Amino acid sequence: MSVSLRWFICPILLACMAAGWAVGAVPDPRVQAQAAVASGLRWLAAHQVSSGPEAGSWETGEPRYRSAVASFAGLAFLANGHLPGEGEYGQVVEQAMRYVQGTMAADGYLGQGHGAGMYIHAIATLFGLSYLGLAPDAAAERDLAAWCRRSLRVIAEAQKVSRPDYARGGWRYTPSSAESDLSVTSWQLLVLHAARQCGFEVEDGSIEDALRFIDGAYVAVPDGPAGPGGGYVYRPGLSRGPEPGVTGAAVFIKSLFERREDAHQNAALTYLAGYPPAWGGAQYNGYFFFGAFYMTQGMFQIGDPAWNRYYTPLRTLLLEHQAGDGSWPFAPDDALQGQLAGPTYSTAMAVLILSMEKQYLPMYQRQKRLF
């Protein structure tokens, strides 16, 4: 072997050994996942808008998605311990929060006038709450706390809108909606959970009403793909049958607020076992990353063995589909609405899923269960 070739090969071997790989051994998937996350974060940082009125955000096909996408990207950095104003990505996180804060309307709403704005509102608020306590100075911290308080008030008032019995306690697409669905409701409850962790007062009655709404979405599934079980429907009183994505969301949210094992939990896990991770497919209804995000968090809160049984193949799936530049594409059957959020959304979501076990974000912290 020539000297020049030896000097080319040896650094590669050393790098592999430093990453925990032995020559000829199967790479540790946890090490691979961390490398994938690092590559994804580099891609996100390189594609942030650096100047102009949209500085701090990322390009999207639908301009009104910018604040939600910037929030997901900011959360991806926070989920890996990158703090505002510090280190390699400190400015990226700080600029993202500055942009998102600037999108709030005078009444505290963050929905950007979109027809499904309560999703955007919840995602942006979650970023603000996750950032709280990390602001670079006391004045910025006070401003952010006040900003979060205004946003939380919008969520509280939206729940109080008069609704039919089957929709009472939940939320839907806009603050004035008189309907509810389990997906939007799960996002608002996730925000309220994070708000409590940050020290904000959240009315017990609000949580109880929302959990009753979720309980009303449960249906038995006697002939599920993995045997008799049970799942949750998207819109109680209106939907025909359960869906894996919203079932994962229900399991996740209930595990955050309920300390004892729910009577329907095992039935829901049996139902979800019939829908193992796949790169798209009917189980995601065109929203792979949203559905995987829901189900991953639910399984994480439940813990082993459900967590390992679900997460191990999902991690493999994400590693297999990451692009060479560090970003993640959309599954081939993803809905146009999701694709309009752009590759920043898909990349940030993949990073968030792969970063869950670190538990850096308030929403990721595993809750103690009483059995």
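The second largest pocket of this predicted model has a volume of about 320 Å³, where a pocket is an open set of points, on a 1 Å grid over the protein atoms alone, at which a 1.4 Å probe fits and which has protein on both sides within 12 Å along at least five of seven lines. The volume is the space filled by probe spheres set on the points, which are joined across faces, edges and corners. Of the 15 residues that line the second largest pocket, Leu152, Ala156, Glu201, Val202 and Glu203 are the closest to its centre, a lining residue being one with an atom within 4 Å of a point. Two or more lining residues come from helix H6 (138-159) and from helix H7 (182-197), and H6 gives the most, with six residues; helices here are DSSP runs (H or I, at least four residues), numbered from the N terminus. By class, this lining holds eight nonpolar, two polar and five charged residues, with Ala, Val, Leu, Ile, Met, Phe, Trp, Tyr, Cys and Pro taken as nonpolar, Asp, Glu, Lys and Arg as charged, and the others, Gly among them, as polar.

The largest pocket has a volume of about 630 Å³ and is lined by 26 residues, of which Tyr119, Ser183, Tyr287, Phe290 and Gln337 lie nearest its centre.

Ser180 is placed in the loop between H6 and H7. Ser180 counts as buried because its relative accessibility is 2%, and buried means under 20% relative accessible area with a 1.4 Å probe, protein chains only. The side chain of Ser180 makes a polar contact with the side chain of Arg163 (3.0 Å) and reaches the backbone oxygen of Ala167 at 2.5 Å; a polar contact is a pair of N or O atoms within 3.5 Å, one able to donate a hydrogen and the other to accept it, and residues adjacent in sequence count only if both atoms are side-chain atoms.

The largest nonpolar core has 120 residues, and Phe288, Phe289 and Leu318 are among those with the most contacts inside it; such a core is a set of buried Ala, Val, Leu, Ile, Met, Phe, Trp, Tyr and Cys residues joined through side-chain atoms within 4.5 Å.

Residues are numbered from 1 along each chain as its sequence is written. Local features need pLDDT of at least 70 and side-chain atom pairs count only at pLDDT 80 or more, whereas totals for chains, interfaces and linings use all residues, and side-chain values use heavy atoms, with hydrogens and water left out.

How values were computed: Buried means under 20% relative accessible area, exposed over 50%, partly exposed in between (1.4 Å probe, protein chains only).
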